Amino acid sequence: MASHYLSVEQVDMTFVTKGATTNVLKEIDLGVAKGEYISIIGHSGCGKSTLLNIIAGLTSSTSGAVILDGKEVNAPGPDRSVVFQNHSLLPWLTVYENVALAVNKTFARSKTKAERHAWILKNLEMVGMSHALNKRPSEISGGMKQRVGIARALAMEPKVLLLDEPFGALDALTRAHLQEEVMRIQDELGNTVIMITHDVDEAVLLSDRIVMLTNGPSARIGEILEIDLPRPRNRITLADDPRYNRYRQEVLRFLYEKQRKVEHLAERREKTAGAAPAKKARA
Ligand SMILES: Nc1ncnc2c1ncn2[C@@H]1O[C@H](COP(=O)(O)OP(=O)(O)OP(=O)(O)O)[C@@H](O)[C@H]1O
């Protein structure tokens, strides 16, 4: 694991709120190479956002560690930028100013004012938002807001880009457009990305590997699926590609057969033997 760019090592997460204990994640081990695109998929509530927040440094794990480029992650930092499902732009700032806020802070010393200005414009151009620099978030569509959020995240040149269902709130067409943009940018910049999604097609289309979490409580990594499809990828041609469909089937099988079966077993066991903890499916 030590040789990976990013490693999640034996991470456990237990929340204790008002005396109630929830074991969310159990022994999560994941090594990510530089430039890799990883998707995390799993049923609602299994702990995907918790895992992403631990990598972001927003949540401290109960045990285990996250190591990024040789340094342990203990707090949020500019080397990890997060894009959430619902944009987190400041409503009183324009598109330009929202990106400028992050850029001016991150590169206060390392870039001149002119360089920062050019960098803000370049990143907004990359996501196709050059036409709306002076608009405020309330004046642009949901898809455009997500584009600005992505530009802001990219502009910080993070070591890892963390995407928490970044397209989840968008209509299908806008979602497809943004997926294309992210693939194009990824091809160009070679970012290391970890993305949470509920969308199996999105996961297969975008990822190098799909990490599938078992159902909580105490979710583990159930399986990791390597997506060996050449890039650039085209959703239309892939739709007829048997490999694409096989990958899709594998994720669907994990989610709707293997994990569902475990749920049923757990229910049955709890009924027959009291509240014995459920045994989780392993890869
Ligand atoms: N701060 C917290 N305090 C207590 N419990 C929490 C906290 N954050 C998350 N949880 C619990 O951890 C579990 C996993 O939540 P999480 O949001 O990580 O799941 P998820 O897989 O991202 O869900 P979804 O797909 O619905 O977004 C849930 O049972 C949730 O209630």
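**Strands, ligand shell and a helix**

User: In this model, which residue of β2 is the bridge partner of M13?

Analyst: The model is a predicted one. Nine bridges join β1 (6-17) to β2 (20-32), and the two strands run antiparallel. In β2, the bridge partner of M13 is L25.

User: Which residue in the turn between β1 and β2 has a positive phi?

Analyst: β1 and β2 form a hairpin, with two residues between them. In that turn, a positive phi of about 45° belongs to K18.

User: Which strands stand at the edges of the open sheet?

Analyst: Four strands form the open sheet, in the order β2-β1-β4-β5, and the pairing is antiparallel. Two strands have a single partner strand each, so one side of each is left without a neighbour in the sheet. The strands at the edges are β2 and β5 (71-72).

User: What is the bridge partner of I67 in β5?

Analyst: Strand β4 (residues 63-68) and β5 run antiparallel and are joined by two bridges. In β5, the residue that partners I67 is E72.

User: Which element supplies the largest share of the shell around the ligand?

Analyst: The ligand is surrounded by 13 residues, and the closest are F15, S44, K48, S49 and T50. At least two residues of the shell come from each of β1, β2 and α1 (48-56). The largest share, three residues, comes from α1.

User: How many residues of the shell around the ligand are charged?

Analyst: The shell divides by residue class into three nonpolar and nine polar residues, with the remainder charged. The number of charged residues is one.

User: Against which helices do the buried residues of α2 pack?

Analyst: The buried residues in α2 are V95, N98, V99, A100 and V103. An α-helix has 3.6 residues a turn, so residues three or four places apart point the same way. The buried residues of α2 pack against α3 (113-126) and α4 (142-155).

User: How far apart do the end C-alpha atoms of residues 8-240 lie?

Analyst: An unreviewed UniProt entry annotates residues 8-240 as "domain: ABC transporter". The span is 33% helix and 26% strand. Its end C-alpha atoms lie apart by 35 Å.

Technical notes: Residues are numbered from 1 along each chain as its sequence is written. This is a predicted model: local features need pLDDT of at least 70, side-chain atom pairs count only at pLDDT 80 or more; totals for chains, interfaces and linings use all residues. A residue is near a molecule or strand if its C-beta atom, placed from the backbone, lies within 6 Å of it. Ala, Val, Leu, Ile, Met, Phe, Trp, Tyr, Cys and Pro count as nonpolar, Asp, Glu, Lys and Arg as charged, and the others, Gly among them, as polar. Two strands pair if DSSP finds at least two bridges between them. UniProt positions are given in the numbering used here, feature names are shortened, and annotations may be inferred rather than shown by experiment. A residue is buried if 20 or more other C-beta atoms lie within 10 Å of its own, exposed if 12 or fewer, and partly exposed in between; C-beta atoms are placed from the backbone. Two residues are in contact if their C-beta atoms, placed from the backbone, lie within 7 Å.
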